[in-house]
Amino acid sequence: MRLLPIFVLAGLALTQNGCHSDSDPAFTPWDLEDLNGMNGFSLRVPEFEVPAGHESQNCYFVQVPDLASGQDIWIDRVLSAINPGSHHVNVFQVKTIIGLDPAMGTPTTLGAYPATVIEGGDDYANNPCWGSSNWADWPLVANSQQANIGELETDWKLPDGVAIRMTPGEMLMVQTHYVNSTDQPTMYGARVGINFYQRQDPTPPIEMGSLFATQQNIRICASNPNPTFSGTCRIPGAVTIAAANGHFHKRGKRFSIYSWDGASIEHPADAAMFYESDNWNDPPMVTDLSVAAPAQTGVWWDCEYQWQPPDEFTCADVNAKDPLQANDCCYTFGGITDIGEHCNVFMYYYPKIDSNVFCE
Amino acid sequence: MTRLIRVSSHGYAYAYVIGAALLGSCGGSDKPTAKSCPIGDPTAPAELQIVNLEADQATVNLTQASDLVPLVPPPQGGWIVLLGARARNLDGCQLTLTTALVDACTGQILQVDVRPTQLELGDDGWGVSSLTTFGNLPVCPQLTATRDLHDVPYIVKVVVEDTHGQKASAQLSIIPTCGTEPSRCTCECARDYVMGQSCDQPPIDAGVSTCVDAP
């Protein structure tokens, strides 16, 4: 059930309902080079519209192309370009199929490559593209949450000698989440491009790994409007943290990530903080980190919230979604930004450890 | 303040009007503030006992040493224990609850969960965490576990601290125990379980329950 504020309609009608603003001087459409052959590969999500007052989450499945005669390929740069209105673009390696099945998708193409898509629309309650059951063992490959007019591109150059391993034929899932609301408008159409640059240096690189941590049992309630939820994640081996970003929704006020010694339940000192964001709809991705995490240590993260009423839904909608039925307009875990909340850490480290690192 | 009024659910026209009643069911303000509710004597040292929720998630148990504490499957997967506070001499509405899982063999802290809790005042003068504000302490899977995470002792630490600095802590040795979906629980709580591994087949080994050297 969608709510469309009337006062928004007039303002949005000229900018969001079929009237692209590519000619807007403040907006220059992105233009990425097309990679092929040994240079790497380019994925291009077919452009689509997001109706005003709606959100859209799509899951695209595509196989890694064979660029090296069947050998694994190494990616040392990921360049993404995303039109404004994007809430996130995540790329996962597909492992265990739980609900979200590439074979159930509709055929499409991502640039030059055949693909399938499961369009989740804003059917967060039923569509598997909105589910989180695959997070535990689908390693994150890359992500970007940056998509503002002045900064459409995220250029992630991995540290020297470090690269992401991909195997020809392995399935990737590109998940797009667009929001077309007053506080995160999709004014120029939904458009996403990703370039995966193949490492040219023939020497074997150090493999990059990823860590996905999430606090899903969160409650941001009217009667307790300033909660903070914190979690920890231990890493068994000694690693270096190279990049990180946090992810929450509209109630999110501050996201911070710290080095954690794995030995104390006291909050880490401020000096241990290596990531901070106070921007829910355009959080930065820090890519120049070099944070040493000795074996059996890890990270601590805080998600700080300020309760506020929903913009496009109502508290009745929020209450209907509350599994505990507290009738306190409690935002609980959920993908729709107006009535659900997240508290997720996306982090990249090297060398990769054997097991997928997922903490909850 | 603005009020959102649903004019039609299928004609899809909605209007914002000025008003103050949007939050009739939500507290009545855009930015409500948390209330204060002292429990006991806030000038006396804070006191704390650990409580846990049983598998029905409705029954509160005063946790004792070596208690069997049920492992509960939360929405995100895995298995958690639900720990709360029975406390007094602090502000029951402005309280942060920290729960931690500690390996009894190595002393290593495997997981920490921090969240707000609200105490409900009982007839005995103690406040107990409301059912919706228990700590969700993830127990398994644990990538860094050195032994099984079910049916063997682990230490839990609990700390409560209010916004005025009143603070108390407690710890106990408990035995996380599979009750719901025991086959999947024992599989996912085995030391050697790897995220995403199928639990359709019974585990090959008999488990690792005694203390072993950390890798």
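Two strands pair if DSSP finds at least two bridges between them; strands (E, at least two residues) and helices (H or I, at least four residues) are DSSP runs, numbered from the N terminus. The model is predicted: local features need pLDDT of at least 70, side-chain atom pairs count only at pLDDT 80 or more, and totals for chains, interfaces and linings use all residues. Residues are numbered from 1 along each chain as its sequence is written, and chains are lettered from A, with ligands numbered from 1, in the order in which they are written.

**Exercise 1.** Describe the open sheet of nine strands and identify its edges.

*Solution.* 
- Step 1. The order is 17(A)-16(A)-19(A)-14(A)-10(B)-9(B)-14(B)-15(B)-6(B), and the pairing is mixed.
- Step 2. Strand 17 (273-277) of chain A and strand 6 (68-71) of chain B each have a single partner strand, so one side of each is left without a neighbour in the sheet.
- Step 3. Within chain A, strand 16 (residues 252-260) and strand 19 (residues 297-305) run antiparallel, joined by eight bridges. S259(A) has V299(A), in strand 19, as its bridge partner.

**Exercise 2.** Locate V174(A) within the largest nonpolar core and list its contacts.

*Solution.* 
- Step 1. A nonpolar core is a set of buried Ala, Val, Leu, Ile, Met, Phe, Trp, Tyr and Cys residues joined through C-beta atoms within 7 Å. A residue is buried if 20 or more other C-beta atoms, placed from the backbone, lie within 10 Å of its own.
- Step 2. The largest core has 149 residues, of which Y60(A), V174(A), V139(B) and V156(B) touch the most other members.
- Step 3. Leaving aside neighbours within four places in sequence, V174(A) is in contact (C-beta atoms within 7 Å) with L43(A), V45(A), Y60(A), V62(A), V89(A), V91(A) and L110(A).
- Step 4. Of the 360 residues of chain A, 55% count as buried.

Terms used. A residue is buried if 20 or more other C-beta atoms lie within 10 Å of its own, exposed if 12 or fewer, and partly exposed in between; C-beta atoms are placed from the backbone. Two residues are in contact if their C-beta atoms, placed from the backbone, lie within 7 Å.
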